[in-house]
Amino acid sequence: MPPKIHTEKLSAWYGPKRAIEDITLDFEEHAVSAIIGPSGCGKSTLIRCLNRMHETIPKARAEGKVLLNDEDVYALPAVTVRRRIGMVFQKANPFPTMSIYENVAAGLRLNGVRDRDKLDVAVLESLKQAALWDEVKDSLDKSGASLSGGQQQRLCIARALAVRPEVLLMDEPCSALDPIATAKIEDLIFDLRKDYTVVIVTHNMQQAARVADTTAFLYLGKLIETAGTRELFERPKETLTESYITGRFG
Amino acid sequence: MPQAAERKALEKGLRKLNENMVTLAELSELAIRKAIDGLTRFDTEVAREVFTLDQEVYGLQLEIERTCIDLIALHAPVARDLRTITTSLKITTDLDRIGRYAKDLSELTLQFGSAQARPRADIARIRDMADHTIHMVDTSIDAFVKRDAESVRNIMEVDDEVDRMHDEIFIDLVRRIEDRTLDTESGARYILVNRYLERIADHAVNIGLRVVYMVTGDWLPRIRAADRAKRYPKPTSGGTP
Amino acid sequence: MNLGAFFCVVIALIPLGSLLFEATVRGIRSISPGFFALTTANGGIGNAIQGTLILIGLTAAIALPVGILTGIYLAEYGKNRVGAAIRFFVDVMTQIPSIVVGIFAFSLLLELGAIGIVSSRLVFSTTTGVIALSTIMIPFVARTSEEALRLVPISTRESALALGIPRYRAILRVVLPSASSAVITGALLGIARVGGETAPLLMTCLGSGYWFEGLDQPCESLPHTIYVFALGPDSALNQAAWGASLILVLMMLGIAIASRVVIRLRAGTR
């Protein structure tokens, strides 16, 4: 089966500084792929190149190919790409002036969907998929900021899912959360793989071990090794990988 | 950096674990050597020493189990650390068993000693098998201590040899009992000795296989089975697999 | 240390306090219905108030959209050299003395009148006054709007873009609303600022003793009235100047309070 996303010799620069180098990597459909590595290794840059979010940073550029279902992501309009490849960020950031309902509906509304029924259905389904519906169904018009950290992050996940992307990118989604909130989100990621392809960047190796089917290890902008998660954590092939995951770096 | 501090504790734990494992292995090997020595020379003094050794082996095994569980709980080890710890956990069972068989052999020595008549039968073959067995135990324990996977890669073949010897000796012992060149009681005891030696060799094989896994991540039985399946595919009801 | 700081605060507040005190005590005597109904030609300030309101109204109508859009440009698209240059010019413009702005507007209309593009009557008119005040208000609103938008965290913008929304829509429908209270505050402060400007009006819309007569006519304003009344020999008018001052101060105070209320209200709805 062809991979959902295929990158071919992908490199990216911020101004003169190269952040990732010649990364060739596949992300399988309906699977969770994790990207691990020390700070500054290029993990965030890599996933931003997948939905062209790196373009929002001045002086950023990328070379190489990114294929979504064999379509060249850089040949499509950026706006289309981002609708098909959604993203959740490290710090939960619901839109401050909008209610919970409006937050989840924002992606659709701001893309021109006006039909109230359609929006209602989308909000309901997305909040259910994000395991948040039961907690907020009676307070949909409260501000997004009235929720706890973990709930806010699930709200952001619902918001991203509402536009029905094919892929969901997650940039360290749990790093600001306590263990219980983290566990809830990890459970939900586990369920998401039925309908979506998930790519999660994490600096917490145990998290990668818990949720991901495949794990890729990046170091100083290069792809060192990628394998099934169990394989990578039981018997990594590269010494560098072993040093990193056993915590003996530096 | 917090990571480095955590590793220090893990490293310390792993060092302690390794020390204990080496001690345990040495005790087990010593036990089996003494047991076989006592058996072949009908020396009841040496036999009694083995009982003490077996106790020590058991106690140390419990401590090592405790250490392994602690390391897993506290440090969530992965890769080589994980393999080392789980291998240690498994090997202690084999080493403990070896110690137990050493004790059983020593009990037989004591029983032989109180027998009215010393058996006159030539038990050279048993001595031979005992040498092989000790050699296997020595090799696999050495491989563990030195983390050397190569020296035990062929341990399964050596075990085949020991199994063959066991079968031959068994047939021989039965024959001797039947044609009265060996009294039934001693014959029965020697059958037990034969059995114990073969079992000890099996445990040495287990240790060897686990050492290969610990060092390389390869679990040979699974790989061999997969190879065999490839070479001799099971016939299926339709088409080729 | 604390005592010294407190002491300095008291010193700093004395001028403000005494100003409010004086303005109230002296000005209150002039307040009467007639004060508001009569024109300056007749000792009242009705047309002055009208003029000030018209001037700041028209100025706001021009300067707010232009200023806010400039602020949006600088905050969202101005991270490059061009943006830096524009920002620099805008900063410089906020520092230009208002009398210079007045001369600028005056001579601009003079030139245009001489070439014949517009009637030279416009030199002293409401239009010129609005041009001058806009030139002051636009850079101010641009900078406050830019600052307001910068306060919106990058993550908000990124989340909006990550939903596949075109950039302009993300700015207008997500970022700008998030910054709205700060932008509104900036706008109100800008209005307050130009409402009190006197120097540019001296050279542009001059003054008039009559009710508002048209965009192409001179126009009275409160600051101008205060200037004329206070310096004239007539003591009745001197008194009226205090009354006008009180009214002007109250207007400025009103705007300051309004901006606080706006912030409170918006914070309260969260």
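**View 1. Contact between chain A and chain C in the predicted model.** The contact draws on 24 residues of chain A and 19 residues of chain C, where two residues are in contact if their C-beta atoms, placed from the backbone, lie within 7 Å. Helix 2 (78-84), strand 6 (85-88) and helix 3 (100-109) of chain A each contribute at least two residues to the side of chain A that touches chain C. Helices (H or I, at least four residues) and strands (E, at least two) are DSSP runs, numbered from the N terminus. Helix 2 of chain A gives the most to this side, with four residues. The side of chain A that touches chain C comprises 12 nonpolar, nine polar and three charged residues; Ala, Val, Leu, Ile, Met, Phe, Trp, Tyr, Cys and Pro count as nonpolar, Asp, Glu, Lys and Arg as charged, and the others, Gly among them, as polar. Of the two pairs of chains in contact, chains A and C share the most contacts. The model is predicted: local features need pLDDT of at least 70, side-chain atom pairs count only at pLDDT 80 or more, and totals for chains, interfaces and linings use all residues. Residues are numbered from 1 along each chain as its sequence is written, and chains are lettered from A and ligands numbered from 1 in the order in which they are written.

**View 2. Contact between chain B and chain A.** Chain B and chain A supply 10 residues and 10 residues, respectively. On the side of chain B that touches chain A, helix 1 (2-41) and helix 3 (79-114) of chain B each provide at least two residues. Helix 3 of chain B gives the most, with four residues. This side of chain B divides into four nonpolar, two polar and four charged residues. Chain B and chain C do not touch, and their nearest C-alpha atoms are 28 Å apart.

**View 3. Helix 6 and helix 7 of chain A.** The axes of helix 6 (residues 149-162) and helix 7 (residues 179-192) of chain A come within 9 Å and cross at roughly 25°. Axes are lines fitted to C-alpha atoms, for helices over the stretch in contact, and angles run from 0 to 180 degrees between N-to-C directions. Gly149(A), Gly150(A), Gln153(A) and Arg154(A) in helix 6 of chain A meet Ala181(A), Lys184(A) and Ile185(A) in helix 7 of chain A. By class, this contact has two nonpolar, three polar and two charged residues.
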